[in-house]
Amino acid sequence: MNHIQNSFEKKYNEDIPYILDVHTHSLASGHAYGTIREMAQAASEKGLSLLGIADHAPGTPGTCDPAYFLNLHAVPEKLYGVRVIHGSEINVLNDGTLSLGQRYIDRLDYAIVGIHGDCYEDAGREQNTRNLISCMRNEKVHFVSHPDDDHTPLDYELLVKAAREYQVALEVNNSSFYKQDRRLNCVQNYRTMLALCEKLRVPVIVSSDAHDPSAVGCFEAARKLLKEIDFDETLILNTGVEKLLAHIGLDR
């Protein structure tokens, strides 16, 4: 009987806690509403072990000067018992380059790249995908943010293959599920992307994309989809700090 039960055991375990959130924004992004300390306090209250602050790079209206990214070492490594690491959500530009200079990228623990309408014009599915993949080749880029919006459509087969080649995790962005009036076909796009991630064994990161402390560690909508499709839990980086740090090449 145990053998039969095990053969039907689900791959997705909704009881496994997610203990980290690496796509969040502080006041420095210009349209977010918590300090780093307020975000870390919220992470502690949610039971997270690690928090990533990934403020927006140039190209996003109102964000910080690039010099901001040169002094991140001034922030304590732990706040409220939570390890804090530092990245940036960097814009993909229409020429396939990043919107933040390499001297600033080099000072980050990790970079997230994403297409944002504030500084990108839809170039069609093929070219959008090529531009995104071009940015994924940077050695500090470890994540792609919200690859889910058909206003700038993507070729998911090519994207997932490139993610495997360049060891980049693709994001399931919790906030996208609440913006379906603005993020065209996002749920179906995630279903397509995640099926390919399982097939090609590409890791994913689930993120809150929090712009206020109240949203830190909020993954409910994303987890609901992952449960519905019975996604393989071993491919999700949120379940272990060591797993996440190994992915981005940081020591424990």
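Reader: Which residue takes a positive phi just after H5?
Author: Just after H5, Gln167 takes a positive phi of about 55 degrees. Helices here are DSSP runs of H or I with at least four residues, strands are runs of E with at least two, and both are numbered from the N terminus. Residue numbers start from 1 along each chain as its sequence is written, and side-chain values use heavy atoms, with hydrogens and water left out. This is a predicted model, in which local features need pLDDT of at least 70 and side-chain atom pairs count only at pLDDT 80 or more, while totals for chains, interfaces and linings use all residues.

Reader: And what caps the N-terminal end of H5?
Author: That is Asp155, which has a side-chain oxygen 3.2 Å from the backbone nitrogen of Glu157. A polar contact is a pair of N or O atoms within 3.5 Å; within protein, one must be able to donate a hydrogen and the other to accept it, and residues adjacent in sequence count only if both atoms are side-chain atoms.

Reader: Which residues of H5 are buried?
Author: In helix H5, residues 156-166, the buried ones are Tyr156, Leu159, Val160, Ala162 and Ala163, where buried means under 20% relative accessible area, exposed over 50% and partly exposed in between, with a 1.4 Å probe and protein chains only. Seen down the axis of H5, these buried residues fall within an arc of 160 degrees, so they line one face of the helix; the arc is that of the directions from the helix axis to the C-beta atoms.

Reader: What covers the buried residues of H5?
Author: The cover includes helix H4 (125-136), strand S7 (169-173) and H6.

Reader: Then which residues touch the most other members in the largest nonpolar core?
Author: They are Val113, Met136, Met193 and Leu194, in a core of 52 residues. A nonpolar core is a set of buried Ala, Val, Leu, Ile, Met, Phe, Trp, Tyr and Cys residues joined through side-chain atoms within 4.5 Å. Helix H6 (residues 186-200) gives the most to this core, with six residues. Apart from it lies another core of 16 residues, including Leu50, Ala169, Leu245 and Ile248.

Reader: Switching to H8, which residues are buried there, and which are exposed on the face turned away?
Author: In H8, residues 241-248, Val241, Leu244, Leu245, His247 and Ile248 are buried. Seen down the axis of H8, they fall within an arc of 155 degrees, so they line one face of the helix. The face turned away from the buried side of H8 carries the exposed residues Glu242 and Ala246. Just after H8, Gly249 takes a positive phi of about 75 degrees.

Reader: Where is the pLDDT below 50?
Author: The chain averages a pLDDT of 95, and 96% of the residues score at least 70; pLDDT is the predictor's confidence in each residue, from 0 to 100. Over residues 1-8 the pLDDT is below 50, and this stretch has zero contacts in the model beyond near neighbours in sequence.

Reader: How many helices and strands does the chain have?
Author: The protein chain has eight helices and eight strands, and of its 252 residues 57% count as buried.

How values were computed:
Contact = heavy atoms within 4.5 Å.
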